[in-house]
Amino acid sequence: MSNAQQFDTRPQGEIPVESPLAYSMQRSGAPKAKAGTKVTMRERPFLGQLTLRGGAIVLDEALREVVGLGLPGEPLGLVQDQAGERSIQWISPDEWLLIVPGGEEFDIERRLREALGDAHFAISNVGGGQTVLELEGEAASEVLKKSVAYDVHPRHFSVGKGVTTVFAKATVILRRPSEERWELVVRRSFADYTYRWLLDAGEEFDIAVEN
Amino acid sequence: MFYILCPYCGEHREEEEFHPKGQAHIARPADPENTSDDEWGDYLFFRDNPRGVHHELWVHAVGCRKFFNITRHTVSYEILEVYKMGEQPSITAESLASAEKSQGVQVGDGGQQTVGASDSAAKDSRGTKV
Ligand SMILES: [Zn+2]
């Protein structure tokens with residue numbers, strides 16, 4: 001067991017929690033679906049997000065034991081569980097992003113630390129620093145084509161792939177968990193910018209926001 | 001725009017995602033206490049500025065954030081190869097010159113290529129006697 005100090009970052013009791021986009025949705029609006037809506041955006045706030053760093057072999061073993069997921073075997077890989085609730089994504093040769101339902105991350109971190117023991121590793125809870133945006137619909141990739149230089153053509157960007165790349169003048173982790181759905185993991189400080197950019201880029205497709 | 005192959009991500013990415021970090025393979029003097037001012041100055045401040053093949057350190061800044069090496073031609077901007085940290089280049093100014101020589105392409109004095117010139121013809125044109 002490592003002797004790293006850990007604390008649950010989730011507030012207890014009556015302290016209100018606001019997503020990084022709470023203000024943006026009020027200020028910039030959240031358009032409702034229309035007849036011609038071809039793309040829908042939604043935020044998935046308050047997910048548990050852990051950055052895992054270390055050797056692939058030990059991390060893979062610990063993750064299988066604790067979460068029941070193995071590390072993606074290839075660079076740019078994204079692996080999910082059956083329900084699509086927990087995912088692990090390749091970020092760098094020694095770094096992976098684990099996303100789990102909000103509230104699970106504290107316990108998972110503790111159990112991972114136990115399982116990893118004296119191995120050389122680092123786990124950081126990054127859930128407070130970034131949020132997840134989803135794009136869904138036939139025009140989702142069209143909106144992305146206006147926003148990233150990265151090639152999002154299905155031939156190049158297959159399901160189960162994820163990249164860190166440039167989005168407008170910010171950066172995102174862009175991933176494709178299923179045929180019709182794209183996920184953008186954005187930094188908290190860029191969330192408003194990204195949201196407003198997507199509203200603007202999606203205007204011609206009558207973008208709708210669900211929350 | 002360059003389209004650069006990141007050896008860690010394993011695919012080509014836009015130049016926008018990368019930063020150049022200067023000359024590659026610069027080793028810190030192993031014994032700083034016994035390093036002369038000249039040697040220390042060379043290590044800190046002096047860099048090669050070749051006309052031709054150059055080995056450079058780059059970082060995939062908006063991506064996997066790993067450093068790696070690029071062998072690049074400073075005249076044509078052509079990227080000849082990329083290789084990971086800790087590896088050595090397989091293409092160097094010397095290897096390229098001898099490869100071109102064996103293909104009948106002579107590298108002239110100014111680094112200019114004299115296409116098709118044979119060894120002896122190139123020497124004759126410079127007026128040198130063997
Ligand atoms: Zn990379």
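Predicted model: local features only at pLDDT ≥ 70, side-chain atom pairs only at ≥ 80, totals over all residues.
Glu136(A) lies in strand β7 of chain A and Arg42(A) in strand β1 of chain A, so the pair ties together parts that are 94 residues apart in sequence. Strands here are DSSP runs of E with at least two residues, helices are runs of H or I with at least four residues, and both are numbered from the N terminus. Over all chains, the structure holds 30 salt bridges.

Residues are numbered from 1 along each chain as its sequence is written, with chains lettered from A and ligands numbered from 1 in the order in which they are written. Local features need pLDDT of at least 70 and side-chain atom pairs count only at pLDDT 80 or more, while totals for chains, interfaces and linings use all residues; side-chain values use heavy atoms, with hydrogens and water left out.

## The six-stranded sheet of chain A

Chain A has an open sheet of six strands in the order β8-β9-β10-β7-β1-β11, with mixed pairing. Two strands pair if DSSP finds at least two bridges between them. The edge strands, β8 and β11 (208–210) of chain A, each pair on one side only. From one strand to the next the twist averages 25°; axes are lines fitted to C-alpha atoms, for helices over the stretch in contact, and angles run from 0 to 180 degrees between N-to-C directions.

Strands β9 (residues 170–178) and β10 (residues 181–187) of chain A are antiparallel and share five bridges. Within this pairing, Ile173(A) has Val185(A) in β10(A) as its bridge partner. Helix α5 (residues 188–202) of chain A packs on the sheet and touches β1 (40–44), β7 (130–136), β8, β9, β10 and β11 of chain A, contact meaning heavy atoms within 4.5 Å. The direction of helix α5 of chain A makes about 140° with that of β10(A).

## Strands of chain B

An open sheet of four strands in chain B has the order β3-β4-β5-β6, with antiparallel pairing. Its edge strands are β3 (19–23) and β6 (79–84) of chain B, each of which pairs on one side only. The twist in this sheet averages 30° from one strand to the next. Three bridges link β3(B) to strand β4 (residues 53–59) of chain B in the antiparallel sense, and Gln23(B) stands opposite Glu56(B) in β4(B).

Strands β1 (residues 3–6) and β2 (residues 11–14) of chain B run antiparallel and are joined by four bridges. Ile4(B) has Arg13(B) in β2(B) as its bridge partner. The two strands, β1(B) and β2(B), form a hairpin with four residues between them, and Gly10(B) in the turn has a positive phi of about 80°.

## Interface of chains A and B

In the interface, 18 residues of chain A are in contact with 12 residues of chain B. The two chains bury about 1,200 Å² between them, 53% of it on carbon and sulfur atoms; buried area is the accessible area (1.4 Å probe) that two parts lose on being put together, summed over both. Pro93(A), Thr164(A) and Val166(A) supply 31% of the area that chain A buries against chain B, more than any other three residues.

Between chain A and chain B there are three salt bridges. The side chains of Glu95(A) and Arg65(B) meet in a salt bridge at 2.7 Å, N to O. On the side of chain A that touches chain B, β4 (87–92) and β8 (161–167) of chain A each supply at least two residues. The largest share, five residues, comes from β8(A).

Key. Salt bridge = Lys/Arg side-chain N within 4 Å of Asp/Glu carboxyl O.
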